[in-house]
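The following note sets out numbered points for a colleague who is reviewing this model. It may be read alongside the coordinates.

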Amino acid sequence: ELRGRLTQESMVGVPGQEVLSVPTPEGRLVVEFRGPRTTGPPVVCLHGLSANRATWEPVADRLRHRRFLLVDLLGRGESDAAREARYDLESEALRLARVLQALGLRRPVIAGHSHGAAIAVAAAARVNALGLMLVNPVTPDLSRPAALAALKYPPVRSLVAPSLRLFRRSLTRYMLVRRVFADGANVPAGAVDRYAAPWADRKRAGCLPTIMSDWDPAELERFAAPPGVPVRVFAGAEDRRIDPDSARRWAAVLGGAFSLAAGCGHSAPEERTTEVAMVLEDLVTEICAGKQEETRYDQE
């Protein structure tokens with residue numbers, strides 16, 4: 001039913017690019033395909049809590065021989081959400097599974113950044129993921145700010161949303177310079193506009209307080225990587241949002257390999273594009289080699 005309602009949004013000249021709108025019961029997700037169709041499993045990329053698919057564009061550009069699906073999560077980027085949509089991990093994972101089913105994507109590799117890494121872990125079993133790449137990952141022991149509890153109340157959300165919309169550029173600039181990038185002088189040109197622009201839309205700005213209210217890292221304690229699924233965790237040594245030691249412990253819990261990048265903050269896909277791309281490429285190559293080995297044994 002969903003597959004028949006997919007609509008193409010645009011084509012902007014990137015090799016293999018196709019931008020689609022995918023309907024779900026909670027709203028419309030915009031997803032972007034990049035790269036050839038015949039180079040191993042697709043890599044599904046999930047961004048952080050209030051970001052959008054632009055986070056993963058540098059890595060997709062670096063690995064143009066791979067097939068990528070860059071997702072704008074519900075209520076973010078170009079995606080639109082219904083008023084009653086929920087953003088807890090279970091809801092996000094179920095929604096992603098529905099979208100991938102509608103697109104006919106089976107057994108992907110999932111790459112998640114920040115909160116997108118939490119969604120990747122929660123969705124792994126639902127979508128039969130072949131591998132997980134978790135970058136600057138939210139972990140179960142990350143403290144949820146007490147102030148977010150106030151966002152449970154509709155009157156508070158109705159006051160916060162207009163402010164977020166009005167001050168979107170200044171708030172985004174502050175976050176990128178002071179909280180995200182290790183060196184604020186290295187924020188890419190145009191990054192502030194790319195991340196701030198979606199919040200100019202009144203409905204999306206109205207979603208953000210609910211997204212933040214539903215965010216609870218402790219939910220991750222209920223999830224784990226499926227047995228036999230390889231995991232890579234990539235952290236920044238200068239990350240001011242996710243303690244690198246917490247990311248290292250999370251990698252151990254998930255049975256994954258851990259990489260730490262010196263001089264890197266909370267946006268490794270943009271700050272350390274080459275290193276993230278190399279780790280992701282190694283993961284996909286390992287998966288492809290394993291599948292070939294399974295095929296050889298099956299034939300024997």
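What is the volume of the second largest pocket?

1. The model under review is a predicted one. In it, the second largest pocket has a volume of about 550 Å³. Its lining comprises 19 residues, and those nearest its centre are Arg 83, Lys 203, Gly 206, Cys 207 and Thr 210. Two elements, α4 and α7, each give two or more residues to this lining. By class, the lining of the second largest pocket holds nine nonpolar, three polar and seven charged residues.

2. The largest pocket holds about 1100 Å³ of space. Its lining is made up of 35 residues, with Leu 49, Ser 50, Met 175, Met 212 and Arg 241 closest to the centre. Helices α4, α5 (168–180) and α7 (202–214) each contribute at least two residues to the lining, and α5 provides the largest share, eight residues. The composition of this lining is 21 nonpolar, ten polar and four charged residues.

3. Asp 201 deserves a separate look. It is located in the loop between α6 (191–196) and α7. The side chain of Asp 201 makes two contacts with backbone nitrogens: that of Arg 204 is reached at 2.9 Å, and that of Lys 203 lies 3.1 Å from a polar atom of the Asp 201 side chain. Lys 203 is also one of the residues nearest the centre of the second largest pocket. Asp 201 counts as partly exposed because its relative accessibility, 29%, falls between the limits of 20% and 50%. Asp 201 and Arg 249 are separated by 48 residues in sequence and by 39 Å in space, C-alpha to C-alpha.

4. The largest nonpolar core contains 56 residues, and Leu 46, Leu 69, Leu 103, Leu 132 and Leu 134 have the most contacts inside it. Helix α2 gives the most to this core, with eight residues. Leaving aside neighbours within four places in sequence, Leu 69 is in contact with Val 31, Glu 32, Phe 33, Val 43, Val 44, Cys 45, Leu 100, Leu 103 and Leu 105. As general background, nonpolar side chains tend to be buried together in soluble globular proteins.

5. Helix α3 (residues 115–123) is largely enclosed by the rest of the structure, because nine of its nine residues are buried. These are His 115, Gly 116, Ala 117, Ala 118, Ile 119, Ala 120, Val 121, Ala 122 and Ala 123. The cover over them includes β4 (43–46), α2, β7, β8 and α8 (244–254).

6. Most residues other than glycine have a negative phi. Arg 107 sits in the loop between α2 (89–103) and β7 (109–113), whereas Asn 136 is in the loop between β8 (131–135) and α4 (154–166). Are these two residues buried or partly exposed? Arg 107 is partly exposed, with a relative accessible area of 46%, while Asn 136 is buried, at 1%.

7. The count of cavities of 30 Å³ or more comes to two. The largest cavity has a volume of about 50 Å³, and its lining consists of Val 14, Pro 15, Arg 34, Gly 35, Ala 60, Asp 61, Leu 63, Arg 64, Arg 66 and Phe 68. These divide into five nonpolar, one polar and four charged residues.

8. By class, the lining of the second largest cavity has five nonpolar, no polar and two charged residues.

Definitions and conventions
Residues numbered from 1 in each chain as written. Predicted model: local features only at pLDDT ≥ 70, side-chain atom pairs only at ≥ 80, totals over all residues. Heavy atoms only, no water. Helix = DSSP H or I, 4+ residues; strand = E, 2+ residues; numbered from the N terminus. Buried < 20%, exposed > 50% of the residue type's maximum accessible area, 1.4 Å probe, protein only. 1 Å grid on protein atoms, 1.4 Å probe; cavity = no way out; pocket = protein on both sides within 12 Å on 5 of 7 lines; lining within 4 Å. Points joined across faces, edges and corners; volume = space filled by probe spheres on them. Nonpolar A, V, L, I, M, F, W, Y, C, P; charged D, E, K, R; others polar. Core = buried A, V, L, I, M, F, W, Y, C linked by side-chain atoms within 4.5 Å. Contact = heavy atoms within 4.5 Å. Polar contact = N/O pair within 3.5 Å; in protein donor to acceptor, adjacent residues only side chain to side chain.
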